[in-house]
Amino acid sequence: MGNRPTTIAPPVAAVGGISRRLFVQGVGGSTIALAAGGRRARGYDAPPPAVLRGTQFDLEIGSLAVNFTGRPRLATAVNGQVPAPLLRWREGDLISVRVRNRLAVPTSIHWHGLLLPANMDGVPGLSFDGIDAGATFTYKFRAQQSGTYWYHSHARFQEQTGLYGPIIIEPASGERHTVQRDYVVLLSDWTDEDPEHIYATLKRDSEYFNFAQRTVGDFVAAARARGWREAFAQWRLWGQARMDPTDLVDVSGYTYTYLMNGVTPAGNWSGEFERGERVKLRFINGSSMSFFDVRIPGLAMTVVAADGQDVDAVTVEEFRIGAGEVYDVIVQPPQHEPYTIFAQSMDGSGYARGTLAPRAGMRAPIPAMDPRPQLSMADMGMRDDMASMPAMVRAQPRHAGNPGVDMRVSAPDDSLDDPGVGLRGNGRRVLTYADLHTLGGPLDARPPQREIELHLTGHMQRFMWSFDGRKFSEAPPLEFLLGERLRIVLVNDSMMTHPIHLHGMWSEIESPAGAFQVRKHTVLVRPAQKLSYCVSAIAAGRWAFHCHLLYHMEAGMFREVTVVPAGATAPVARS
Amino acid sequence: MAQSMDMNDAARLGMLWLDQLEWRGVDEPNGAAWQGEGWYGGDYNKAWVRTEGESYSGRTEDARAELFWDHAVARWWNLEVGGRQDFGTGPARSWAALGVRGVAPQGFDVEATLYAGDASRTAARLKIEYELLITQRLVLQPEMEMNLYGRADPARDIGAGVADLEVGLRLRYELRREFAPYAGVVWARHYGATGDFPGAAGANPNDLSLAVGLRVWL
């Protein structure tokens, strides 16, 4: 098809000092290797992340000395790289990946979004026993699909410390869209802190990382804008609910440095093009806890695939991508000038940034961040009807008496065309799920035989997260019958957006009218949203089903799904 | 399995929290006061310790330490069952304790505890606290604490009914969330056993003092 090889360009040479205005923008360069003895090797630029092709792969997981912020830290790397090498496969090939663990703790690799046998899925405790320190495990499966995917550790917090990498599976029939350049844009969130410490901090003070809380000044500003009575009423309602409308993310730019292909904003990852070329950008959100609002000022982006699956081309100026999600977009820069790829964290606490440029090293203006958004009554399922807020606070039939659930939405919104908090009416054309139509329709046209409704629940202050008010350790597995077509209905009874990921099977999202909409592996559910998708239980075994916000998952927002042959009894799930 | 999964949503964690460690400038002599808490446990059940006290001229006047089993019973409320030990001036006293801890509407942090001691002594404590952000790091914290007793305890200079009432207003600056120096004013009223001034030498029963201190947690 005349495509140039896919590359992740090397980081541009380091620029001057560390900027620390709003968040840690990082030092220039990428994973700067440390000389023996821990001193920073001057003038060293990290090698470009490798592209590995073929059917047989050897991956080695180990620690890597990195320095994203000016402070040396250890990351979890694959073949000495953060992000892990790009794996390029061909649809239909039998893939064999030998993974050697050189860490002192167990590890694993999960192939995010791939259909494969359950024992190859890489979730320790469900698919297999994990890969012990010093041990080797060989994954073998056939690449049955094509498109952009990614892989990451499913062991404890290794995803947060760097173990994530892209996968591109070339379609057997050739690429649908002819492009001259093809880049992976892998977004992630780096912290210098030990993720175990972040988790403990959230349990101690769940608002620790929120530096956009409501202040007396905000109250006065609101009163000036909308009148004292209204401002006081708003304050009182949120107070009544004992909630904070600024709680958009749990971990913010206060500790995170947002990376693009492993490069800090100051390091400025860049992808080259020549004027008029069609450039494919494969956006992967490999972060642990972040949602990114992505735009390229001056360029329209044509979305051609969602979660690896081709969709009807739709042109937008901005899209939100949640942890685990993937979007392929095509841009065609009309001018011989640089364009900033701007990926702002949903809460406005920081951004990842890179540049599409005619030559490496060029830079375009970085847009101002949007004002930090706040949740509205509508986000709490109130549809601007403030009088019903107290009803929400009181009525808890489904989760009555559960100390781990702090709210229930009385009137969920089933629309798909809401771009979400912070993106409504911002003057830009923003992608929504209503814009996404997977080509070729559903893989399985049977109507669902049964329906499972699950509520996304949690308690902000206690930092407890669950499905239906029950944490992973408190709930039996969900049972799917092999071969059945079923509908999952998710109702978000929390004030946070959750990316819900089902392993091993597609999630075919339905429109509010019940028509097939889009096929995904990771589904964003807004606060107070009700969303349904159909699943075909095509592969027997034990699968993971969870929120892809890593710390929500670790806190219990996880269920085992057991696909059992019809008539069989589910195996005992946990000892 | 959950073990090999490395997922532990029932993990036990802990926290040590010195809410107040302060020097109080009263007429004379100067005093020091502390209020601290600590917990260890999971989401539903925790071991909870609480201590507070005051000392003047290097002598501990009125101090207590409490140990609870803290159990999450409702969305915003935890039940606390345990005991309390008083020390400082006068004979030590031991109590059984039963209380609630939680967040009231509008975000008021509330601790309400009932106590039963030997010789049919009874007592109650109520503490209400609020936080108002001036900026993201500058926090104004009003606080009210009241102790009630079923009957007077002259040996500890405690009157029946409301034995003491303390209202504080502290302004802290969070250099980090875990480390915040503060300054504030504390108005305290002590009702002695005889309805008279308390035994503490020089301490005024109805005084306004300045407080300067640190709020630290781990």
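Trainee: In the hairpin formed by strand 2 and strand 3 of chain A, which residue in the turn has a positive phi?

Mentor: This is a predicted model, in which local features need pLDDT of at least 70, side-chain atom pairs count only at pLDDT 80 or more, and totals for chains, interfaces and linings use all residues. Residues are numbered from 1 along each chain as its sequence is written, while chains are lettered from A and ligands numbered from 1 in the order in which they are written. Helices (H or I, at least four residues) and strands (E, at least two) are DSSP runs, numbered from the N terminus. Strand 2 and strand 3 of chain A have 6 residues between them, and the turn residue with a positive phi, of about 105°, is Gly70(A).

Trainee: How many bridges join strand 2 of chain A to strand 3 of chain A?

Mentor: Two strands pair if DSSP finds at least two bridges between them. Strand 3 covers residues 73-78, and the number of bridges joining it to strand 2 is 6.

Trainee: In the antiparallel pair of strand 15 and strand 18 of chain A, which residue stands opposite Ala306(A)?

Mentor: Strand 15 (residues 301-306) and strand 18 (residues 326-331) of chain A pair over 4 bridges. The residue of strand 18 that stands opposite Ala306(A) is Tyr327(A).

Trainee: How many of the 7 residues of strand 31 of chain A are buried?

Mentor: A residue is buried if 20 or more other C-beta atoms lie within 10 Å of its own, exposed if 12 or fewer, and partly exposed in between, with C-beta atoms placed from the backbone. Strand 23 (residues 478-481) of chain A runs parallel to strand 31, joined to it by 4 bridges, whereas strand 30 (residues 541-547) pairs with it in the antiparallel sense over 6 bridges. Strand 31 (residues 558-564) is mostly covered, and its number of buried residues is 6.

Trainee: Is Gly441(A) buried or exposed?

Mentor: Gly441(A) lies in the loop between helix 4 (389-394) and strand 21 (450-459) of chain A. Although 67 residues separate Gly441(A) from Glu508(A) in sequence, their C-alpha atoms are 9.4 Å apart in space. Because Gly441(A) has 12 C-beta neighbours inside 10 Å, it counts as exposed.

Trainee: Which helix of chain A supplies the largest share of the side of chain A that touches chain B?

Mentor: Two residues are in contact if their C-beta atoms, placed from the backbone, lie within 7 Å, and 38 residues of chain A are in contact with 27 residues of chain B. Helix 1 (195-204), helix 3 (228-241) and helix 5 (550-555) of chain A each supply at least two residues of this side. The largest share, 3 residues, comes from helix 1.

Trainee: Which strand of chain B do the buried residues of helix 1 of chain A pack against?

Mentor: The buried residues of helix 1 include Ile198(A), Tyr199(A) and Leu202(A). Within chain A, the buried residues of helix 1 pack against strand 10 (181-191) and helix 5. In chain B, their partner is strand 1 (13-25).

Trainee: How many strands are there in chain B?

Mentor: Chain B has 0 helices, and 31% of its 218 residues count as buried. Among its contacts with a separation of 6 or more, 43% come from residues 24 or more positions apart. The number of strands in chain B is 13.
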